[in-house]
Amino acid sequence: MLKRRASLAIIVLLLVFSILHLGFSPAEIERQVVGTSMLGGWAFLLMSCSIFLSTRLRFLEPFFGGLDRMYQVHKFCGIFAMLLILAHFFLIPKELPEGIDPIANALVPSAPLGMLSMILLILALAITLNRKIPYHRWRNPHKLMGLVYLLGTGHFITAPAVFFERFSPSGIMLIIAAVIGTLSLLYSLFGMNRKTAKRYVIEKVNALERATELVLNPLEQPLEFRPGQFAFVEVQGKGWREPHPFTISSAPADEKLRFTLKVLGDWTRKVREEIETGAEVLVRGPYGCFDTSKARSKQVWFAGGIGVTPFLSMVRAMQPDDVREVTLVYAVREKDEALFLDELLAKAAEMTNFRLVLLQSNEGEFARVDKMKENLSEPLSEYGYFLCGPKPMINGLTRDMRKAGVSRDAIHTEAFEFR
Ligand SMILES: Cc1cc2nc3c(=O)[nH]c(=O)nc-3n(C[C@H](O)[C@H](O)[C@H](O)COP(=O)(O)OP(=O)(O)OC[C@H]3O[C@@H](n4cnc5c(N)ncnc54)[C@H](O)[C@@H]3O)c2cc1C
């Protein structure tokens with residue numbers, strides 16, 4: 001669930017800016033100019049937030065409830081910024097106020113920079129929001145947003161003083177935002193966040209049913225993580241560089257780091273067909289707040305297909321004296337598709353506090369709330385729920401559980417997508 005305090009912080013930021021902007025505007029400036037420059041200021045602040053969030057700084061995650069939620073806020077900040085920029089563009093007076101020399105004004109590039117930034121923003125957003133564009137083709141055009149941001153900075157810094165008071169309190173806020181935004185942009189674009197990566201070498205590549213398991217050996221201090229977290233995996237070498245997020249499927253105490261990858265598109269197919277042992281891999285993370293350790297002691301973990309990976313790590317880390325009482329409901333199309341089934345069955349046989357329920361849709365067993373009720377001894381409202389799998393399944397189950405009286409706080413979800 002998206003934690004509201006982070007979104008609230010952004011709203012407070014806009015409010016503070018508005019109060020300063022309205023409170024300190026010189027009386028002689030036209031009200032329309034004050035209002036429309038405020039819209040421009042809001043847009044710039046939202047774009048700065050959006051760019052700041054794209055740095056993936058890990059300390060921000062708890063405020064949003066996970067990196068996937070941070071990306072949602074990043075996206076909404078971008079969309080709202082575009083709407084505000086359009087309003088700012090259409091409402092700002094086009095004729096210069098009295099006292100401004102048109103020749104001197106023509107020498108400052110504010111208007112062309114603003115116009116260019118708006119056109120590029122519309123173009124970049126149209127690409128960004130088009131879900132039909134595959135991720136690897138989408139990634140570079142999305143970086144155009146950085147250029148839009150720099151043009152926007154140039155636009156307000158060079159705006160005639162009557163449109164924008166640079167060293168008023170609200171102007172100073174925008175300048176601080178521009179500094180943070182530009183530093184964030186450089187940090188994201190030039191890969192400074194790679195410094196946070198750990199080096200691993202591929203020890204084994206195990207072919208599973210429609211999936212591949214990568215077993216990695218650390219080349220330095222290994223990554224510290226909690227079960228349920230994920231990391232960006234970046235194979236070193238020509239043609240491999242794009243980082244892809246995968247949930248860690250080994251337990252934190254294991255010597256090796258394991259990822260289990262479903263073959264879905266170009267990159268995961270290339271891993272299955274071409275990757276060789278001995279290749280070096282950078283692993284950046286850990287990320288994610290899908291954490292069962294602080295929830296109620298009676299828990300239902302719900303895995304749809306490859307959504308089992310966070311639970312593999314959790315089961316592998318679980319001990320017989322664990323205070324949690326866990327039922328893992330694992331929904332697959334057919335039995336052969338269930339990854340590490342023997343290992344999960346062995347764990348269920350070994351530990352009284354862990355149960356496995358396998359649902360096979362080819363046998364008519366679907367991921368539904370009534371099916372869950374059949375397999376639980378207490379009322380649904382007694383449990384904490386952790387769901388990971390295809391988004392339509394997670395959304396459907398969450399909706400039905402809410403109708404069945406499960407509180408919102410008891411449902412935790414992890415979606416395997418950022419866009
Ligand atoms: C937090 C998280 C955890 C994940 N954990 C697992 C896991 O444990 N096992 C597993 O099999 N899959 C996992 N995934 C999904 C995995 O990242 C994608 O399936 C993989 O990147 C697909 O790459 P592709 O080029 O083969 O497929 P494509 O067909 O190109 O993409 C398939 C989907 O993956 C998304 N995607 C593709 N490349 C990237 C990228 N570089 N960064 C972000 N999203 C991308 C696309 O937007 C699309 O929705 C996880 C995703 C996220 C966000």
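UniProt positions are given in the numbering used here, with feature names shortened, and the annotations may be inferred rather than shown by experiment. The model is predicted, so local features need pLDDT of at least 70 and side-chain atom pairs count only at pLDDT 80 or more, whereas totals for chains, interfaces and linings use all residues. Residues are numbered from 1 along each chain as its sequence is written, and side-chain values use heavy atoms, with hydrogens and water left out.

An unreviewed UniProt entry places the feature "transmembrane region" at residues 32–53, 73–91, 103–127, 147–164 and 170–190. Residues 32–53 are 100% helix and 0% strand, with end C-alpha atoms 32 Å apart; helices (H or I, at least four residues) and strands (E, at least two) are DSSP runs, numbered from the N terminus. Residues 73–91 are likewise 100% helix and 0% strand, and their end C-alpha atoms lie 27 Å apart.

Turning to the ligand, a polar side-chain atom of Thr268 lies 2.5 Å from a ligand oxygen atom, and a polar backbone atom of Lys262 is 2.7 Å from an oxygen atom of the ligand; a polar contact is a pair of N or O atoms within 3.5 Å.

Methods
A polar contact is a pair of N or O atoms within 3.5 Å; within protein, one must be able to donate a hydrogen and the other to accept it, and residues adjacent in sequence count only if both atoms are side-chain atoms.
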